[in-house]
Amino acid sequence: MIRLVRLEDAARLCEIYNPYIHETVVSFEEEAVSIEDMQARIRIITTSHPWLVYEHEAQILGYAYAGYWEERSAYRLSAKTAIYLAATATGQGIGKQLYGKLIDLLRHQGQHTILGGIALPNPASVALHESLGFKKVAHYEQLGFKHGRWVDVGYWQLKL
């Protein structure tokens, strides 16, 4: 089941997200996110954009959300997106279902452009974005430094 996020989901979202912080360069955050911080993010983001969770048998397996691309008003119809799955939920089509529903909601809201940033290399994320119609529009070399190495970032765009 795909549903809107609730504040009480924050603890599980931290369980999903924090390993990305500690074990990968997928997220450029370097400190674990607390439940209170996750709740604050939910409160802020859901005032303007959708945040969805994928739930199976009362267990959240992943989440996806959108936010403003930039804060300036002329960007109001362009959104950036993010998706995170529990390690046990990858490779099952959950990401595509969840991201597809997010895209549908953004289209319904009148968004014009969606941008997904990907720390590279990340073949699974590239494949997910491209399977949903995103096109690569930018590649920034050595944009982030994490776990003792420089990380490139690419951006994929979907025009709705």
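A salt bridge is a side-chain nitrogen of Lys or Arg within 4 Å of a carboxyl oxygen of Asp or Glu. With that in mind, let's walk through this structure, which is a predicted model: local features need pLDDT of at least 70, side-chain atom pairs count only at pLDDT 80 or more, and totals for chains, interfaces and linings use all residues. Residues are numbered from 1 along each chain as its sequence is written, and side-chain values use heavy atoms, with hydrogens and water left out.

Let's begin with the charged pairs. Side chains of opposite charge can pair when their charged atoms come close. A search of the whole structure finds six salt bridges. In one of them, the side chains of Glu55 and Arg3 meet, with 3.2 Å from N to O. This pair links distant parts of the chain, since Glu55 sits in strand E2 (residues 51-56) and Arg3 in strand E1 (residues 2-4), 52 residues apart. Helices (H or I, at least four residues) and strands (E, at least two) are DSSP runs, numbered from the N terminus. Arg3 also forms a salt bridge with Asp9, where the closest N and O atoms are 2.9 Å apart. Salt bridges that share partners join Arg3, Asp9 and Glu55 into one network.

Are these residues buried or exposed? Both Arg3 and Asp9 are buried, and Glu55 is buried too. Here buried means under 20% relative accessible area, exposed over 50%, and partly exposed in between (1.4 Å probe, protein chains only).

Another salt bridge joins the side chains of Glu29 and Arg41, at 2.9 Å from N to O. Glu29 lies in the loop between helix H1 (10-23) and helix H2 (35-45), and Arg41 lies in helix H2, so the pair ties together parts that are twelve residues apart in sequence. Glu29 counts as partly exposed because its relative accessibility is 25%, and Arg41 counts as partly exposed at 29%.

The structure holds one cavity of 30 Å³ or more, and the largest cavity has a volume of about 40 Å³. On a 1 Å grid over the protein atoms alone, a cavity is a set of points where a 1.4 Å probe fits but cannot get out, and a pocket is an open set with protein on both sides within 12 Å along at least five of seven lines; lining residues have an atom within 4 Å of a point. Grid points are joined across faces, edges and corners, and a volume is the space filled by probe spheres set on the points. Which residues line the largest cavity? They are Tyr17, Met38, Arg41, Trp51, Tyr63, Tyr65 and Tyr84.

Tyr84 also leads us to the pockets. The largest pocket has a volume of about 1200 Å³. Of the 47 residues that line this pocket, the closest to its centre are Thr81, Ala82, Ile83, Tyr84 and Gly117. Strand E4 (78-85) is among the elements that give two or more residues to this lining, and E4 gives the most, with six residues.

The second largest pocket holds about 160 Å³ of space. Its lining includes Arg12, Glu15, Tyr20, Leu85 and Thr90. Helix H1 gives the most to this lining, with six residues.
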